[in-house]
Amino acid sequence: MGGFYFWNLVQCFPLIFVFFQNFCPQIVPDEATQKRYNFLVENYDKRGFPKSFKEFKKVMYNNGTENKTLKAYIKAREKGTGESVVSFYDYVDAMKQLDKEVIGINTVDNQDIISYSNHLIDRIFGVREDPDGHKRIGVSIDEIKEMLKQGKTKYLKISTKYIINEGYVVLNKQGNLVTVVPRKETKR
C-alpha cells in the first residue's frame with residue numbers, strides 16, 4: 001500500500017514543481033530580475049547595489065524596509081539624484097536612522113512625524129549635479145531633527161516648513177516628511 005502512495009507522489013511531482021514555479025517565484029530563478037540586476041550594475045556601478053544577484057533577488061521579493069530602500073535607491077540612480085559613491089547600504093543605514101531617530105518626533109508646533117518620502121533620503125546625501133545641472137549639498141539627519149525641534153515654522157496650504165540657518169524641512173498634513181532643502185549660503 002505504501003508503494004502506491006509513493007508512486008502517486010512521483011507522478012504528481014511535475015504538478016508540484018509547476019505550482020511552486022507559478023506561485024512561489026522567489027524559489028525559481030527569475031530571468032527578468034536577473035536582467036534588471038545586470039542592467040543596473042552595468043549602467044550604474046555594481047558597488048552601489050546588493051553584492052550579488054542572490055542578495056538583490058532576496059531584497060526584491062521581500063516586502064520589508066530593504067525592498068522599499070532598494071526601490072528608492074534605484075529610482076535615485078536612474079533619475080540622476082543619487083551618486084555612485086552612495087550605496088544601497090548607505091540608504092539602508094539612513095532609513096534605519098530615520099526610523100529610529102526621526103519617526104515619532106513631536107515638532108516644535110506639536111505635529112507628529114509619521115513617515116518620510118524617498119525624496120527626503122536623496123536630499124540627505126545630496127548630489128554633485130542633479131538632472132537640472134545644479135549641485136545640491138546634503139543635509140544631515142541631525143540637522144533635520146534640529147529643524148523639526150527648534151525651527152521657525154512657516155505654514156503653507158498643505159504643509160509646514162521648519163526653518164533653521166542651515167535650511168528647512170517640509171512636513172505635509174499627513175505627518176510625512178516630504179523634502180529637506182539646504183541653504184545655499186549659511187548665515188551665521
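This is a predicted model: local features need pLDDT of at least 70, side-chain atom pairs count only at pLDDT 80 or more; totals for chains, interfaces and linings use all residues.
Let me begin with strand 5, residues 176-182, which is mostly covered: five of its seven residues are buried. Buried here means under 20% relative accessible area, exposed means over 50%, and partly exposed lies in between, with a 1.4 Å probe and protein chains only. Strands, labelled E and at least two residues long, and helices, labelled H or I and at least four residues long, are DSSP runs numbered from the N terminus.

Residues are numbered from 1 along each chain as its sequence is written, and side-chain values use heavy atoms, with hydrogens and water left out.

Now the overall picture. The protein chain has seven helices and five strands, and along the sequence they follow the pattern α-α-α-α-α-β-α-α-β-β-β-β. Of the 188 residues in the chain, 39% are buried. A contact means heavy atoms within 4.5 Å; among contacts between residues at least 6 apart in sequence, 48% join residues at least 24 apart.

Which order do the five strands take? They form an open sheet in the order 1-5-4-3-2, and the pairing is mixed. Strand 1 and strand 2 are the edge strands, each pairing on one side only. Two strands are said to pair if DSSP finds at least two bridges between them. As a general point, strands of a sheet pair through backbone hydrogen bonds, either parallel or antiparallel.

Strand 1 and strand 5 run parallel and are joined by two bridges; here tyrosine 116 stands opposite leucine 177. On strand 5 we also find the pairing with strand 4, residues 167-172, which is antiparallel and extends over five bridges. In that pairing, glycine 167 faces proline 182, and valine 170 has threonine 179 as its bridge partner. The hairpin of strand 4 and strand 5 has three residues between the strands, and in this hairpin glycine 175 takes a positive phi near 85°.

Strand 2, residues 152-155, and strand 3, residues 159-164, pair in the antiparallel sense over four bridges. A hairpin of three residues connects strand 2 to strand 3.

Which residues of helix 5 are buried? They are Phe88, Tyr91, Val92, Ala94, Met95 and Leu98. These residues cover an arc of only 165° around the axis, which puts them on the same side of helix 5. The arc is that of the directions from the helix axis to the C-beta atoms. In general, an α-helix has 3.6 residues a turn, so residues three or four places apart point the same way.

On the other side of helix 5, Lys96 and Lys100 are exposed. The cover over its buried residues includes helix 3, helix 4, strand 1, helix 6 and helix 7. Serine 87 caps the N-terminal end of helix 5, with a side-chain oxygen 3.2 Å from the backbone nitrogen of tyrosine 89.

Phe53, Phe56, Lys57 and Val59 are buried in helix 3. Seen down the axis, these buried residues fall within an arc of 160°, so they line one face of helix 3. Lys54 and Lys58 are exposed on the other side. The buried residues of helix 3 pack against helix 2, helix 4 and helix 5.

Finally, I draw attention to arginine 77, which is found in helix 4. Is arginine 77 buried or exposed? Arginine 77 is buried, with a relative accessible area of 9%. Its side chain reaches the backbone oxygen of tyrosine 44 at 2.6 Å. Leaving aside residues up to four places away in sequence, arginine 77 touches Tyr44, Asp45, Phe49, Gly82, Glu83 and Ser84.

Notes. A polar contact is a pair of N or O atoms within 3.5 Å; within protein, one must be able to donate a hydrogen and the other to accept it, and residues adjacent in sequence count only if both atoms are side-chain atoms.
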